[in-house]
Structures are given as structure tokens and as C-alpha cells.
Amino acid sequence: MIIRTLIKILLVITGGLSVLGTAIQWPELELYSKPTTVPLFFMLYWFSVKKVDGLFMVILLLCFLGDIFLLTDINNSFMYVLLSYAICYLILFYYLCKNYTSIDYSNIDIMYLVIFFVAWTFVVYEIYDVVEGTMGKVRPFGIGYLIILYLLFIGAVFQYVNIRSAQSLWFLIAILNFVISDACFALNRFYIASIEFEIINSIYQLLAVFFLVQFKISSPASLKLKRL
């Protein structure tokens with residue numbers, strides 16, 4: 001308990017410094033603080049479970065590599081960022097399949113899911129519409145990345161509505177944070193450069209990994225009431 005509390009304090013400090021570095025446009029501060037966050041998330045996960053999931057460790061590694069590629073100025077670094085997170089999201093589909101249970105939607109559930117599907121599709125299309133014109137050579141890769149995230153978020157929502165467990169809720173929140181982070185990153189890079197987009201991206205990227213850890217350490221027991 002003491003170790004986990006200490007790790008969380010360090011995460012608040014390093015995460016705060018990373019966001020501060022973004023906010024005040026101090027790249028050196030972000031360069032030295034942000035890469036420490038994922039290792040701290042790994043430690044939080046390590047000290048919270050009895051058995052470590054090797055595949056989840058790969059996800060954390062990919063998030064770490066994504067941070068490194070984003071912060072370093074190497075050739076094709078942006079493509080490496082896309083690749084790291086695309087593979088990360090593809091692996092997360094495994095957990096959707098692993099936690100699959102037989103579909104049990106009520107009529108109200110179906111109505112909400114239809115509304116969500118229409119709204120989410122509209123949002124994705126609008127974001128794509130404003131950024132695709134300036135994507136240039138990365139456009140095919142960007143489209144593939146967008147489709148992966150689009151389907152992953154749909155899967156997370158459908159799974160939560162079906163199961164309604166603490167684990168599926170944390171998974172949904174994690175994916176939502178990735179969506180917000182990536183949307184702000186795309187808008188900042190391909191639509192209009194904005195410090196606000198950079199700050200939001202920095203905050204939600206950290207929260208996404210935190211909620212992924214919460215997903216792995218939470219209970220998979222369903223909280224959905226059984227219909228008589």
C-alpha cells in the first residue's frame with residue numbers, strides 16, 4: 001500500500017511536470033519528465049497484481065515507445081508514433097475478445113447504442129474531414145489508424161453496455177481518453193496548431209494509460225442486474 005501510494009505521488013509529480021512542459025513550451029522539461037510516467041505506470045501495475053500479464057506489458061512498452069518517438073526528432077518519428085499506438089490498439093482488441101460474453105441487450109440498451117453509433121460515426125467523419133486535406137503522404141496510414149480506433153471505441157462501448165463490470169468501465173474510459181488525446185493531436189498537427197490541443201493531448205494521454213492499468217487490476221465481475 002505504501003509503495004503504491006508513493007508511485008501515485010511520483011506519477012502526479014512527473015505527469016504534472018510533463019503537462020507543465022507542454023503548457024509553457026519548455027520541451028526539455030517534457031523530454032525528461034514524460035518518459036518516466038509509463039515506467040511508473042508499470043510499477044503501479046506490478047505492485048497491484050499477483051501475476052503479471054506479459055501481453056499487457058507489451059502494451060505499456062508500446063505506449064512508452066510512442067512517447068519516445070514523439071519527443072525525439074528522428075527520421076520518420078511520426079510514422080513510428082502511429083505504428084506504436086496502432087499496434088497497441090490492435091492488441092487491445094484481444095482483451096475485447098477475451099472478455100466477450102453472450103449479448104444481453106435490453107430495448108433501451110439498443111436505443112442508446114444506436115444513438116451512440118450514429119453520433120460517434122458523425123464525430124469521426126467530421127474530424128477526418130478537417131484533417132485529411134493536410135495529411136499528405138501519411139494519409140493512408142492515418143486512415144488505417146482512425147479506423148482501428150473507431151472500431152475499438154465501438155467495441156468498448158458495446159462491451160460495457162453488455163457486461164457493466166468495473167473492468168469493462170475502466171477499459172471504456174481508457175479508450176475514451178485515447179480518443180480525446182488522439183483527436184487533439186490530429187487537430188493540432190493537421191488542422192490548426194493550438195497550445196490548448198497540445199495540453200489536452202498531454203493530459204488525456206497520461207490518463208489513458210492510467211485507466212488501462214486500472215482496467216487490468218479491477219474486477220471482471222458483472223454489475224448488470226439480471227432480468228427476471
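**Note on the cavities, pocket and helix packing**

1. The second largest cavity has a volume of about 50 Å³. A cavity here is a set of points, on a 1 Å grid over the protein atoms alone, where a 1.4 Å probe fits but cannot get out. Grid points are joined across faces, edges and corners, and a volume is the space filled by probe spheres set on the points. This is a predicted model: local features need pLDDT of at least 70, side-chain atom pairs count only at pLDDT 80 or more, and totals for chains, interfaces and linings use all residues. Residues are numbered from 1 along each chain as its sequence is written, and side-chain values use heavy atoms, with hydrogens and water left out.

2. Which residues line the second largest cavity? They are Lys34, Thr37, Val38, Phe41, Cys63, Asp67, Tyr85, Gln205, Leu206 and Val209. A lining residue has an atom within 4 Å of a point. Helix H3 (37–46), H4 and H9 each give two or more residues to this lining. Helices are DSSP runs (H or I, at least four residues), numbered from the N terminus. By class, the lining has 6 nonpolar, 2 polar and 2 charged residues. Ala, Val, Leu, Ile, Met, Phe, Trp, Tyr, Cys and Pro count as nonpolar; Asp, Glu, Lys and Arg as charged; the others, Gly among them, as polar.

3. The structure holds 2 cavities of 30 Å³ or more. H5, helix H6 (107–131), helix H7 (139–163), H8 and H9 each supply at least two lining residues. H8 gives the most, with 8 residues. The class count is 23 nonpolar, 4 polar and 1 charged.

4. Next, the open space. About 500 Å³ lies in the largest pocket. A pocket is an open set of points with protein on both sides within 12 Å along at least five of seven lines. Its lining counts 21 residues, with Glu30, Leu70, Leu71, Phe185 and Glu198 nearest the centre. Helices H1 (2–23), H2 (27–33), H4 (54–71), H5 (77–98), H8 (166–190) and H9 (195–217) each supply at least two residues of the pocket lining. By class, that lining has 10 nonpolar, 7 polar and 4 charged residues.

5. How do H4 and H9 pack, roughly parallel or roughly antiparallel? Their axes come within 12 Å and cross at roughly 175°. H4 and H9 are therefore roughly antiparallel. Axes are lines fitted to C-alpha atoms, for helices over the stretch in contact, and angles run from 0 to 180 degrees between N-to-C directions. Angles under 35 degrees count as roughly parallel, over 145 as roughly antiparallel, 65 to 115 as roughly perpendicular and the rest as oblique. Phe56, Ile59, Leu60, Cys63 and Asp67 in H4 meet Gln205, Val209, Leu212, Val213 and Lys216 in H9. Contact means heavy atoms within 4.5 Å. By class, this contact has 7 nonpolar, 1 polar and 2 charged residues.

6. Ile175 lies in H8 and counts as buried, at 0% relative accessibility. Buried means under 20% relative accessible area, exposed over 50%, partly exposed in between (1.4 Å probe, protein chains only). Ile175 touches Leu92, Leu152, Phe153 and Ala156, not counting residues up to four places away in sequence. Ile175 and Tyr89 are 86 residues apart in sequence and 8.9 Å apart in space, C-alpha to C-alpha. Asn177, in helix H8, is buried as well, with a relative accessible area of 5%. Neighbours within four places aside, Asn177 is in contact with Tyr204, Leu207, Ala208 and Phe211.

7. Met79 lies in helix H5. At 23% relative accessibility, Met79 counts as partly exposed. Its contacts beyond four places in sequence are Val138 and Phe141. Met79 and Gly66 are 13 residues apart in sequence and 9.9 Å apart in space, C-alpha to C-alpha.

8. Last, backbone angles. Most residues other than glycine have a negative phi. Gln25, in the loop between H1 and H2, has a positive phi of about 55°. Arg164, in the loop between H7 and H8, has a positive phi near 55°. Arg164 is partly exposed, with a relative accessible area of 28%.
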